[in-house]
Amino acid sequence: MSARRPLVATDRAALMLQLVPYLVGKGEVSLAEAADEFDVSLEQMRSMVEKLTVIGLPGDRGYWQMANDLFDIDWDLLDERDLIVITNSVGLERSPKLTAREAAALLAGLQLARSIPGVGDTDLYAGLLAKLARGASGMPAEVILAPEPVDAVRDLVADALRRGVAVSFTYKAPDAAPTTRTVDPVKVHIASGQWYLQGWCHLREAMRTFHLDRVSDPELTGIPSTHAGEQAPDWFDTDAGEVVARIRFAEEVAPLLGDYLDRATLVTSDGVTIATMRVADELSLRRLATRRGGAVEVLEPAAARRAVAEWADAGLAQYR
């Protein structure tokens, strides 16, 4: 092993700040593994661990009043087996712990994130699971997410992204006949509980956003994906989708709509403005309309009007 460089005071202070949470998180770790993790020699790591026992929480007068105010280690394990175990972590154990229900909710979110193509990572997921379990006041309940209708489509798109090929499927847009699409997938994500695929549509020769609930008969193709590295469109980008929407609002409301109107065509008459824009999905208009407290009216398409009305009704139902 090559000689380690000597530690200066600033390096040692920085390492000590990182060492305690590392050791608490590990529970038990060998001296060699810790030294390798922090890129120091065995002697340097042993010295840092031993110095932990004179570090702790100061009392009211600025000095330690009780033994429990200091970090402590299992000296027998360190001397006899070169194992590091913190037996007293002073104030760290006083940090608020997650309840079992809170931990279960976070685990559900991790499982959902793990299903996003390009995000899920087994090793990272396992590590986060272990940390959540240690940080909870009780053992989290086992969480199982019910399968969704779009799971098969999402899995196939993830496979296409790994293979670098296009996907083919039948797509049924609102108030339109089904069409067969071949798409170079760029991104799969979830917004407001809905799953979307964004990619280069060979039929339209442009970036498009597809609602996965409207995708059927998906298949992998042998066509190499040549647009996978392109930027996915924003919700109200000109290339966001095939849904052309029209909204109406008072002229003075326009400054409140900000980026929504950047790529819209505006027509103003008698103090009333009608904006025409291309959107990724009619459901994306729900938040725009409901956040403006009746100042924005969705005119077209009909599916968007229904989506806004249903979302508003669902919100009012919470108060009944």
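Predicted model: local features only at pLDDT ≥ 70, side-chain atom pairs only at ≥ 80, totals over all residues.
Q: What makes Leu-31, Ala-34, Ala-35 and Phe-38 the buried residues of one side of α2?
A: These four are the buried residues of α2. They cover an arc of only 100° around the axis, which puts them on the same side of α2. As a general rule, an α-helix has 3.6 residues a turn, so residues three or four places apart point the same way.

Q: Which exposed residues does α2 carry on the face turned away from its buried side?
A: That face carries Asp-36 and Glu-37.

Q: Why is the pair of Tyr-22 and Phe-38 called edge-to-face?
A: The structure holds 4 aromatic pairs. Rings pair if their centres lie within 6.5 Å, and planes over 60 degrees apart count as edge-to-face. The centres of Tyr-22 and Phe-38 are 5.1 Å apart and their planes stand at 80°, so this pair is edge-to-face.

Q: What makes the pair of Tyr-22 and Phe-38 a tie between parts of the chain?
A: Tyr-22 belongs to helix α1 (residues 9–26) and Phe-38 to helix α2 (residues 31–38), so the pair ties together parts that are 16 residues apart in sequence.

Q: How do you know whether Tyr-22 and Phe-38 are buried or exposed?
A: Buried means under 20% relative accessible area. Tyr-22 has 15% relative accessibility and therefore counts as buried. Phe-38, with a relative accessible area of 12%, is buried too.

Q: How do you know which kind of aromatic pair Tyr-171 and Phe-210 form?
A: The distance is 5.0 Å centre to centre, with 85° between the planes, and the pair is edge-to-face. It links distant parts of the chain, as Tyr-171 lies in strand β5 (residues 165–171) and Phe-210 in strand β8 (residues 206–211), 39 residues apart. Both Tyr-171 and Phe-210 are buried. Ring pairs also link Phe-169 with Tyr-171 and Phe-210 into a cluster.

Q: What is the distance from the charged end of Arg-154 to the centre of the ring of Trp-195?
A: The distance is 4.2 Å, and the charged end sits over the ring of Trp-195. The distance part of the definition asks for CZ of Arg within 6 Å of the ring centre.

Q: What makes β11 and β13 the edge strands of their sheet?
A: The open sheet has 4 strands in the order β11-β12-β10-β13, with antiparallel pairing. Strands β11 (265–269) and β13 (296–300) each pair on one side only.

Q: Over how many bridges do β10 and β12 pair?
A: Strand β10 (residues 243–250) and strand β12 (residues 272–279) pair in the antiparallel sense over 8 bridges. The bridge partner of Ala-250 in β12 is Val-272.

Methods: Residues numbered from 1 in each chain as written. Heavy atoms only, no water. Phe/Tyr/Trp six-rings, centres within 6.5 Å; stacked < 30°, edge-to-face > 60°. Helix = DSSP H or I, 4+ residues; strand = E, 2+ residues; numbered from the N terminus. Buried < 20%, exposed > 50% of the residue type's maximum accessible area, 1.4 Å probe, protein only. Lys NZ or Arg CZ within 6 Å of the ring centre and 35° of its normal. Arc of directions from axis to C-beta. Pairing = 2+ DSSP bridges.
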